Amino acid sequence: MTTVHEPAVTTVAPDLSVWPASTAEPRPGDLAVGGVALAELADRFGTPVYVLDEAEVRGRCRTYRQVFPDAEVLYAAKAFLCRAMVHWMDEEGLGLDVCSAGELELAVTTGFPPERIVLHGNAKSPHDLECALRLGVGRIVIDSPSEIARLAAAVGPGGHQKVMVRVVPGIHAGGHQKIRTGTEDQKFGLSVSDGYAQHAIARILDQPQLELTGLHCHLGSQITSVKPYLGAVRRLVGLMARLHRQHGLVLPELDLGGGHGIAYHPGEQALDLTTLARKVRAELTEACASAGLPVPRLIIEPGRAVAGPAGVALYRVLAVKRTGGRTFVAVDGGMSDNPRPALYGVRYAPRLVGRDSGAPLLPATVVGRHCEAGDVLAAGVPLPEDVRPGDLLAVPVAGAYQLSMASGYNLVGRPPVAAVRDGHARLLVRRESLEDIRSRDVGL
């Protein structure tokens with residue numbers, strides 16, 4: 001059997017390019033985010049713990065508002081949602097894109113204006129729709145023909161609800177096959193090429209209580225090129241032109257979704273938002289002029305690009321094992337709080353924090369504590385040769401699609417979330433306790 005060895009590692013200066021902008025190294029071997037030492041946060045809140053840099057979240061919201069001044073920016077709540085995030089989005093002037101009654105209720109009960117919320121979902125439950133209508137959600141994105149009659153019946157003959165239609169533009173984009181949603185071979189949206197989208201739109205126009213405000217598409221996630229968005233603009237404006245010829249319909253909104261790619265490792269490419277905004281605006285203006293249509297208001301839905309780079313996950317090392325030519329460093333979290341490595345094969349860039357080690361760096365595989373061989377956080381990670389149980393590892397770019405996708409696997413409980421800003425830390429979401437787990441189990 002061939003022995004597999006980790007790739008070689010050379011010692012380099014710390015690269016903090018994918019960490020929150022507030023990250024500093026006040027002492028060798030230590031890091032602080034938002035003016036608070038990560039080791040101090042681990043001691044105060046325990047591990048695993050997720051840390052959100054509030055200033056980074058707000059700064060990213062403001063960047064979107066600046067580069068898309070004429071667009072409506074909706075934060076995609078599925079990336080990560082808690083009451084503090086709802087409050088920050090409200091204060092920064094973003095709307096919300098939600099996918100369930102749970103996300104919707106949390107937002108509205110926190111005080112977020114429901115008219116600035118859009119409800120998505122390829123298979124909305126009766127409860128989802130009832131909740132949306134009861135709370136007065138701004139728009140509902142229709143994803144299948146069956147939703148039209150169900151929604152019209154729920155609204156009632158004297159009611160009114162704004163809707164959009166999610167269409168499939170037939171564009172391949174996204175960082176992994178499982179997160180590409182603009183193609184014909186996946187579950188979301190209504191196809192333009194086979195006429196399903198046009199047929200659904202005609203049915204909506206026959207329902208006087210439903211007001212069609214625009215078209216929606218979402219191409220996928222982790223898109224780092226502007227080109228797919230420009231293709232989507234051309235195809236959606238082409239559909240708008242056909243609808244205008246057939247029905248005299250002029251739609252005031254065009255939603256290009258999100259999927260804006262970010263860097264998880266130093267040197268990786270991220271989507272250039274300034275270039276995206278400039279080229280999409282020019283493409284939309286030109287396409288509408290050619291079609292003889294007024295330019296609709298653009299809507300975008302960033303999630304990962306707002307929350308992801310603002311988050312840091314902290315883990316304690318539980319065990320170090322050297323076997324088969326490899327070094328395995330096991331931590332006290334894993335796929336129950338971050339399933340992305342197991343789902344998509346993604347790898348992170350953990351770093352030792354809290355002490356200054358003079359030992360040479362050697363490659364290691366950082367793994368979780370769960371009973372799955374696929375519970376691997378990262379491979380080829382440069383860690384000091386003397387890494388040991390009790391050490392603290394920090395993982396950047398941990399703010400999106402980790403806790404929001406967390407599970408109850410092995411009943412270890414989901415970690416807490418703390419926010420940092422200006423040298424202060426506060427708890428946003430407490431740790432899930434054994435009592436929480438016990439209280440749901442009523443079958444004895």
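Setting aside neighbours within four places in sequence, Ala 342 is in contact with Met 335 and Gly 374. Contact here means heavy atoms within 4.5 Å. Ala 342 sits in helix α11. Helices (H or I, at least four residues) and strands (E, at least two) are DSSP runs, numbered from the N terminus. Ala 342 is partly exposed, with a relative accessible area of 39%. Buried means under 20% relative accessible area, exposed over 50%, and partly exposed in between (1.4 Å probe, protein chains only). The C-alpha atoms of Ala 342 and Val 57 are 26 Å apart, and 285 residues separate the two along the chain.

The model is predicted: local features need pLDDT of at least 70, side-chain atom pairs count only at pLDDT 80 or more, and totals for chains, interfaces and linings use all residues. Residues are numbered from 1 along each chain as its sequence is written, and side-chain values use heavy atoms, with hydrogens and water left out.

Tyr 348 is found in the loop between α11 (340-344) and β15 (351-353). Is Tyr 348 buried or exposed? At 2% relative accessibility, Tyr 348 counts as buried. Beyond its neighbours within four places in sequence, its contacts include Tyr 264, His 265, Leu 377 and Val 397. The C-alpha atoms of Tyr 348 and Leu 377 are separated by 6.2 Å, with the two residues 29 apart along the chain.

Val 397 lies in the loop between β18 (392-396) and β19 (417-421). Val 397 is buried, with a relative accessible area of 1%. Val 397 is not a glycine, yet has a positive phi of about 55°.

**Other backbone features**

Most residues other than glycine have a negative phi, and most peptide bonds are trans. Gln 222 also has a positive phi, about 60°, although it is not a glycine. Gln 222 is in the loop between β10 and α8. Gln 222 is buried, at 16% relative accessible area. The peptide bond from Thr 47 to Pro 48 is cis, with omega near -5°. Pro 48 lies in the loop between α1 (38-45) and β3 (49-53).

**Helix pairs**

Axes are lines fitted to C-alpha atoms, for helices over the stretch in contact, and angles run from 0 to 180 degrees between N-to-C directions.

| Pair | Angle | Axis distance |
|---|---|---|
| α2 and α9 | about 30° | 9 Å |
| α2 and α3 | roughly 40° | within 10 Å |
| α7 and α8 | about 45° | 12 Å |

Angles under 35 degrees count as roughly parallel, over 145 as roughly antiparallel, 65 to 115 as roughly perpendicular and the rest as oblique. Therefore α2 and α9 are roughly parallel to each other. The crossing of α2 and α9 is right-handed. A crossing is left-handed if the near helix is turned anticlockwise from the far one by less than a right angle, and right-handed if clockwise. Which residues meet in the contact of α2 with α9? Thr 63, Tyr 64 and Val 67 in α2 meet Leu 273, Thr 274, Ala 277 and Arg 281 in α9. The residues of this contact divide into four nonpolar, two polar and one charged. Ala, Val, Leu, Ile, Met, Phe, Trp, Tyr, Cys and Pro count as nonpolar, Asp, Glu, Lys and Arg as charged, and the others, Gly among them, as polar.

The axes of α2 and α3 cross at roughly 40°, which makes α2 oblique to α3. This crossing is right-handed. Glu 54, Val 57, Arg 58 and Cys 61 of α2 make the contact with Met 85, Trp 88, Met 89 and Glu 91 of α3. These residues divide into five nonpolar, no polar and three charged.

In α3 (residues 83-91), the buried residues include Met 85, Trp 88 and Met 89. Gly 93 follows α3 and has a positive phi, near 85°.

**Helix α7**

In α7 (residues 196-205), Ala 197, Gln 198, Ala 200, Ile 201 and Ile 204 are buried. They cover an arc of only 160° around the axis, so they lie on the same side of α7. The arc is that of the directions from the helix axis to the C-beta atoms. Partners of these buried residues include α6 (145-155), β8 (161-168) and α8 (227-247).

Ala 149 is found in α6. Ala 149 is partly exposed, with a relative accessible area of 42%. The C-alpha atoms of Ala 149 and Ile 204 are separated by 8.6 Å.
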